[in-house]
Amino acid sequence: MHDADTLLARVVAQAKALGIPVSPHILPQVRLNRRAVTRFGCCIRQADGSYRIELAQRLLEAPEEACLQTLAHEVLHTCPGCRDHGVRWKAYAGQMNAAYGYTISRTGTCDQLGVEDIRPIRHLVVCTKCGRQFPRARRSPLVAHPERYRCACGGVLRLAY
C-alpha cells in the first residue's frame, strides 16, 4: 500500500521542477475516497482558496505509477486557468508526460491504471454480428433502444439483459 501524502509531495515537486505554476495552497493530506467507483481522483477548490486532492482508495493497491499519474492529473488542475482539461492543462500534462513517463490524459481507464473495474453492469448490449459487448451501469438511450444503433462492424445490436 502506498503513502498518498508522500506521493502527492513528490508530484508537486516534479511539477515545480518543470516550472509548472501549481498552486502553493494544495493541502498536504490526500483525502481517500473508499466509495469512488467511476473516478480515480478529484481536485476540490475549498472556500478559502486552498485545494484538496482526493484519490480513490483502491488506487493505493495499484502500481505506484497509477497513483502518481492520477495525483499529477489532479495537481495540474490547481494551476491558473486549468480547472478544466483545456489547452493550458493539456500543455502541462504533456510536459509531465515527457519528463516523467506519465500518460496523463483527460480520462483514465481501469486497464491503463492496472486496477480492477468494479463498476456494476446492469445492462448488456451485444452485437449480433461480431459479439462485441457494450456494458452499461445506467439505462441509456442505447439500452432503451438498441435497434437505433449499429456496432462499428455494422452489426445489429440487441439487449442481452
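Select strand 2 (residues 41–45) and strand 3 (residues 51–56): the two pair in the antiparallel sense over five bridges. Strands here are DSSP runs of E with at least two residues, helices are runs of H or I with at least four, and both are numbered from the N terminus; two strands pair if DSSP finds at least two bridges between them. This is a predicted model, in which local features need pLDDT of at least 70 and side-chain atom pairs count only at pLDDT 80 or more, while totals for chains, interfaces and linings use all residues. Residues are numbered from 1 along each chain as its sequence is written, and side-chain values use heavy atoms, with hydrogens and water left out.

Stay on this hairpin. Gly41 stands opposite Leu55 in strand 3. The hairpin has five residues between its strands, and Gly49 takes a positive phi near 90°.

Now show the side chains of strand 3. Six of its six residues are buried (under 20% relative accessible area; exposed is over 50% and partly exposed lies in between, with a 1.4 Å probe and protein chains only). Tyr51, Ile53 and Leu55 point one way, Arg52, Glu54 and Ala56 the other way, and all are buried.

Move to helix 1 (residues 4–17) and helix 2 (residues 64–76). They pack at an angle of about 60° with their axes 9 Å apart. Axes are lines fitted to C-alpha atoms, for helices over the stretch in contact, and angles run from 0 to 180 degrees between N-to-C directions. Helix 1 and helix 2 are therefore oblique to each other; angles under 35 degrees count as roughly parallel, over 145 as roughly antiparallel, 65 to 115 as roughly perpendicular and the rest as oblique.

Select the contact residues (heavy atoms within 4.5 Å): Ala4, Leu7, Leu8, Arg10, Val11 and Val12 of helix 1, with Glu64, Cys67, Leu68, Leu71, Ala72 and Val75 of helix 2.

Finally, go to the open sheet of three strands, in the order 5-4-6 with antiparallel pairing. Strand 5 (133–136) and strand 6 (157–159) stand at the edges, each with a single partner strand, so one side of each has no neighbour in the sheet. Neighbouring strands of this sheet are turned by 20° against each other on average, direction ignored. Strand 4 (residues 123–127) pairs with strand 6 in the antiparallel sense over three bridges, and Val125 stands opposite Leu159 in strand 6.
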